[in-house]
Amino acid sequence: MEIIQIVGLGLIATFLALIVKEQKPVFAFLLTLFVGSLIFLFLLDEIASVIQLINDLAVQANIHTVYLQTILKIIGIAYIAEFGAQISRDAGQAAIASKIELAGKIFILVLAIPIIKAVIEMILALLPS
């Protein structure tokens with residue numbers, strides 16, 4: 001039932017931000033940032049349990065840990081970039097938000113290149129020469 005707490009916190013913060021935004025827009029932004037960070041902190045235990053489950057499955061499947069770590073880094077970059085972009089959009093800075101998303105995509109591409117290379121090499125090894 002944690003989702004009810006998170007949704008309740010989000011709705012209360014939204015109403016407060018709407019009320020405060022007319023008088024002090026900076027406080028509304030700070031409230032939004034604080035509540036967003038608080039919700040993220042609520043989710044840390046859930047994220048850790050998912051990462052542990054994925055790690056256990058990878059060990060059982062004999063998947064090389066370098067690939068698993070890279071994939072987890074890619075997922076983390078995607079979530080962090082999305083969080084930062086949404087905060088920037090909430091502050092009315094859509095241009096900065098799009099640059100954050102672009103940076104996240106570039107970092108993801110850089111991290112994915114070794115995996116793409118390994119997949120291509122594996123496919124080439126399977127093809128008859």
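**Labels and their cut-offs**

Biologist: Why does Asn-62 count as exposed?

Modeller: The relative accessibility of Asn-62 is 72%, and exposed means over 50% relative accessible area, with buried under 20% and partly exposed in between (1.4 Å probe, protein chains only). Asn-62 is therefore exposed. This is a predicted model, in which local features need pLDDT of at least 70, side-chain atom pairs count only at pLDDT 80 or more, and totals for chains, interfaces and linings use all residues. Residues are numbered from 1 along each chain as its sequence is written, and side-chain values use heavy atoms, leaving out hydrogens and water.

Biologist: Where is Asn-62 found, and what is its phi?

Modeller: Asn-62 is in the loop between α3 and α4. Its phi is near 60 degrees, a positive value in a residue other than glycine. The helix names follow DSSP runs (helices H or I, at least four residues; strands E, at least two), numbered from the N terminus.

Biologist: What makes α2 oblique to α3?

Modeller: The axes of α2 (residues 25-42) and α3 (residues 44-60) come within 4 Å and cross at roughly 40 degrees. Angles under 35 degrees count as roughly parallel, over 145 as roughly antiparallel, 65 to 115 as roughly perpendicular and the rest as oblique, so α2 is oblique to α3. The axes are lines fitted to C-alpha atoms, for helices over the stretch in contact, and angles run from 0 to 180 degrees between N-to-C directions.

Biologist: Which residues of α2 and α3 meet?

Modeller: Phe-40, Leu-41 and Phe-42 in α2 meet Leu-44, Asp-45 and Ile-47 in α3, where contact means heavy atoms within 4.5 Å.

Biologist: Why are α4 and α5 called roughly antiparallel?

Modeller: Their axes come within 8 Å and cross at roughly 170 degrees. That angle is over 145, so α4 and α5 are roughly antiparallel to each other.

Biologist: What makes Ser-88 buried?

Modeller: Ser-88, which lies in α4, has a relative accessible area of 13%. That is under 20%, so Ser-88 is buried. Not counting residues up to four places away in sequence, Ser-88 touches Gln-93, Ile-96, Ala-97 and Ile-100.

Biologist: How many aromatic pairs does a search of the whole structure find, and why is the pair of Phe-40 and Phe-83 called tilted?

Modeller: The search finds one. The ring centres of Phe-40 and Phe-83 are 6.3 Å apart and the planes are at 35 degrees. Rings of Phe, Tyr and Trp (its six-membered ring) pair if their centres lie within 6.5 Å; planes under 30 degrees apart count as stacked, over 60 as edge-to-face and the rest as tilted. The pair of Phe-40 and Phe-83 is therefore tilted. Phe-40 lies in α2 and Phe-83 in α4 (residues 65-90), so the pair ties together parts that are 43 residues apart in sequence.

Biologist: What makes Leu-9 partly exposed, and what does Leu-9 touch?

Modeller: Leu-9, in α1 (residues 2-23), has 24% relative accessibility and so counts as partly exposed. Leaving aside residues up to four places away in sequence, Leu-9 touches Val-35, Leu-38, Ile-39 and Phe-42.
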